[in-house]
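Try each one before you read its solution.

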Amino acid sequence: TNCNNFSTGNNAALILSTGSAFGNHYTTEQIINALDKQQKLQGNDNFDLDFAIRVLHGCGFKHHSIVLPLEDVFRRFSRSEYLEHRSKYLVRLAERAGIEALNRWGGERSRITHLFLGNHDWCHAFANN
């Protein structure tokens, strides 16, 4: 959510995704190159790169925010790598996004009555910490 252009009233709720807290921002071309590289490394000769290019350009995003370093984007993780990555980053990202949302909102935190978590993976990671 781009909060800079969002006008709120005194009782308005503001939702900010964890995506705003990701520190790595890649261009669509960088994403396409990373996808192509990983598909080749995985031996996927049937991968339709032209389709992926059309989809990625069709999204209209200029940048893609991802927690991974570029060399790991689209790399197939082992189960243990995935679980380690998730527990290391998701809670921190959710915390940063929540703090940013609260700061942008500017209201009194004591007035918050409900907290909704909307991603099963995040909820699972949160419960493990």
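Buried means under 20% relative accessible area, exposed over 50%, and partly exposed in between, with a 1.4 Å probe and protein chains only. This is a predicted model: local features need pLDDT of at least 70 and side-chain atom pairs pLDDT 80 or more, while totals for chains, interfaces and linings use all residues. Residues are numbered from 1 along each chain as its sequence is written, and side-chain values use heavy atoms, leaving out hydrogens and water.

**Exercise 1.** Work out what share of the chain's residues counts as buried, and list the order of its elements.

*Solution.* Of the 129 residues, 22% are buried. Next, the elements: going from the N terminus, you get β-α-α-β-α-α, with helices (DSSP H or I, at least four residues) and strands (E, at least two) numbered from that end.

**Exercise 2.** Find where F77 sits and decide whether it is buried, partly exposed or exposed.

*Solution.* Start with the loop between strand 2 (63-66) and helix 3 (79-105): F77 is there. Its relative accessibility is 22%, so F77 counts as partly exposed. Now look for partners: leaving aside residues up to four places away in sequence, F77 touches L68, D72, Y82 and H85, where contact means heavy atoms within 4.5 Å.

**Exercise 3.** Describe how helix 1 (residues 28-41) and helix 2 (residues 49-58) meet.

*Solution.* First, the axes come within 10 Å and cross at roughly 155°; these are lines fitted to C-alpha atoms over the stretch in contact, with angles from 0 to 180 degrees between N-to-C directions. Helix 1 and helix 2 are therefore roughly antiparallel (angles over 145 degrees). Lastly, pick out the residues: among them, I31, I32 and L35 in helix 1 meet residues of helix 2 including L49, A52 and I53.

Conventions:
Angles under 35 degrees count as roughly parallel, over 145 as roughly antiparallel, 65 to 115 as roughly perpendicular and the rest as oblique.
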